[in-house]
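Good morning. Please have a look at the structure on the screen, and then I will go through a few parts of it.

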Amino acid sequence: MAVRRERRDGDEIRLTTFIPIKIRKRGGRAVVVRPAVAQVQAKTAAVHDQPLLTALSRAFYWQQLLDDGVVETGSEIAKREGLHHSTVNELLRLTLLEPDIVKAIYAGQQPRCMSLLWFQRNPLPTDWVAQREVVAGFDS
């Protein structure tokens, strides 16, 4: 229990607080080691990958430009943005991601090794079921 109350001698109350920490020596210094619960929460906390979020946002914006007929090709977007056409086309592939994967990325809940660089080196299949299988492989 974090706080335990004990009654003693009539109205006198003694409070005892337990804080689950460990103090370890590391490199000659005393360091507070967080408890296991805090470490688990830290591992599951949202970690937003800013380059991936930026790339995903740009990709969906560019796809909207294509869908609305504002531009006709990725090369035209590349000229407007001052980028190489392969960069634009590479990022446009992110619009083919399964919606749950996109939601996880925006929530910061994607697997830690899933980054923009990973997507550039490992193109996911266009089939959403196959994408889920690839992402599920991260957890194992």
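Start with helix H4, residues 85-92, whose buried residues are Val88, Leu91 and Leu92. Buried means under 20% relative accessible area, exposed means over 50%, and partly exposed is in between, using a 1.4 Å probe and protein chains only. Helices are DSSP runs of H or I with at least four residues, strands are runs of E with at least two, and both are numbered from the N terminus. The buried residues of H4 pack against helix H2 (50-68), helix H3 (74-81) and helix H6 (116-121); contact means heavy atoms within 4.5 Å.

A word on the source. This is a predicted model, where local features need pLDDT of at least 70, side-chain atom pairs count only at pLDDT 80 or more, and totals for chains, interfaces and linings use all residues. Residues are numbered from 1 along each chain as its sequence is written, and side-chain values use heavy atoms, leaving out hydrogens and water.

Next, strand S3, residues 22-26. How many of its five residues are buried? The count is zero. S3 runs antiparallel to strand S4 (residues 29-33), joined by five bridges; strands pair if DSSP finds at least two bridges between them. Ile23 stands opposite Val32 in S4. The two strands form a hairpin with two residues between them, and Gly27 in the turn has a positive phi of about 65 degrees.
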